[in-house]
Amino acid sequence: MLQDDVLRRLYVNYSKYNKSSIKKVLFIYEENWFYLGDTCIFFDKLKYLKSYFNNARIELNLSNKKYQEKYRALLLNNPYINDVSYTNWRNCDFGDYDMIICVMINENDLLTHIVKHYSTLVNKLGQTIIASSLSSEVLVRNGQEVFLLPECKDLIAFNNLMKQTPSEIFITDDERCKGDRWLISKGVLPNEKVLILVDSASVKEKSLEVLTYFEIISWLLQIPMVKILIFDEKLIGKKA
């Protein structure tokens, strides 16, 4: 019964919050799978949190240790995230944040934690827990999802307005120079363009048929001053 009461109060708190009062956000991202393209695009969209909440402090928690090295590489130079932690989100002090946003397949874990440790704060006047979810917007449903918390519909609408903005990968000038040197060492001339093909996908349906694949490469090679860089991540190769 207490859990139902706390959940109802969380919905009330979310419905009444004023985004201008949000100065510090904890974003909990707990994903069981890692897809490079999807993760790059999602991490890039975190910049909209910064603008939506009027330059609030954004702290990102990533507790899946299996992907920490990849997360670090993608977030290393992201200027829109103030801090990234890789500890269990249960170690975070929720009372230190104005807003908690989660992306997780089982939100009951988060709700149970709030009930156990923050049920008093949820109902406290003047200082309260505001928790919400982007799980249904971000995660692929697998039949085991438990989405309970109020959905950030206003943030989703804001993100949809910004979809025309190109996605970015944040790299340093030093990384650019290293990349340029590597391309030159492989025979790329200063005025040539480099077209990149990723020769793998998370599911077979995303991959081109072999014949189509080689037709596209043949067509691209007819373009003047162009070289093609192929990422054969799985080292499977292809033969014409």
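Asp-96 is partly exposed, at 41% relative accessibility. On that scale, buried means under 20% relative accessible area, exposed means over 50%, and partly exposed is in between, with a 1.4 Å probe and protein chains only. Keep in mind that this is a predicted model: local features need pLDDT of at least 70, side-chain atom pairs count only at pLDDT 80 or more, and totals for chains, interfaces and linings use all residues. Residues are numbered from 1 along each chain as its sequence is written, and side-chain values use heavy atoms, with hydrogens and water left out.

Back to Asp-96. Its partner is Lys-24, in a salt bridge whose closest N and O atoms are 2.6 Å apart. Asp-96 sits in the loop between strand 3 (83-85) and strand 4 (99-104), and Lys-24 in strand 1 (residues 24-30), so the pair ties together parts 72 residues apart in sequence. Helices (H or I, at least four residues) and strands (E, at least two) are DSSP runs, numbered from the N terminus. Lys-24 is buried, with a relative accessible area of 19%.

A salt bridge here is a side-chain nitrogen of Lys or Arg within 4 Å of a carboxyl oxygen of Asp or Glu. How many salt bridges does that rule give? The count comes to nine. The general idea is simple: side chains of opposite charge can pair when their charged atoms come close.

Two more pairs. Glu-192 bridges to Lys-227, with the closest N and O atoms 2.8 Å apart. This one links distant parts of the chain: Glu-192 is in the loop between helix 8 (173-185) and strand 6, Lys-227 is in strand 7, and they are 35 residues apart. Glu-192 is buried at 16% relative accessibility. Lys-227 is partly exposed, at 28%. There is also a network: salt bridges that share partners join Lys-24, Arg-57, Glu-59 and Asp-96.

The other pair is Lys-47 with Asp-44, at 3.2 Å from N to O. Lys-47 is buried, at 7% relative accessibility. Asp-44 is buried too, at 1%.

Now the cysteines. How many disulfides does the structure hold? The cut-off is a pair of cysteine sulfur atoms within 2.5 Å. For Cys-92, the closest cysteine sulfur is in Cys-102, 13 Å away, too far for a bond. For Cys-102, the closest is in Cys-152, at 8.0 Å, and that is also too far. Cys-92 is buried, with a relative accessible area of 12%. Cys-102 is buried as well, at 0%.

Next, backbone angles. Asn-54 has a phi near 55 degrees, a positive value in a residue other than glycine. Asn-54 is in the loop between helix 3 (47-52) and strand 2 (57-62). Met-225 also has a positive phi, about 55 degrees, although it is not a glycine. Met-225 lies in the loop between helix 9 (210-220) and strand 7 (226-231). Met-225 is partly exposed, with a relative accessible area of 43%.

Last, the surface. Which residues form a nonpolar patch? Ile-196, Val-198 and Phe-231, with about 290 Å² of accessible area together. Patches are made of residues with over 30% relative accessible area and no salt bridge; like charges are joined within 9 Å, nonpolar side chains (Val, Leu, Ile, Met, Phe, Trp, Tyr) within 5 Å. The areas come from the Shrake-Rupley method with a 1.4 Å probe; for residues, only the protein chains shown count as cover. Val-198 is in strand 6 (residues 193-198). At 54% relative accessibility, Val-198 counts as exposed.
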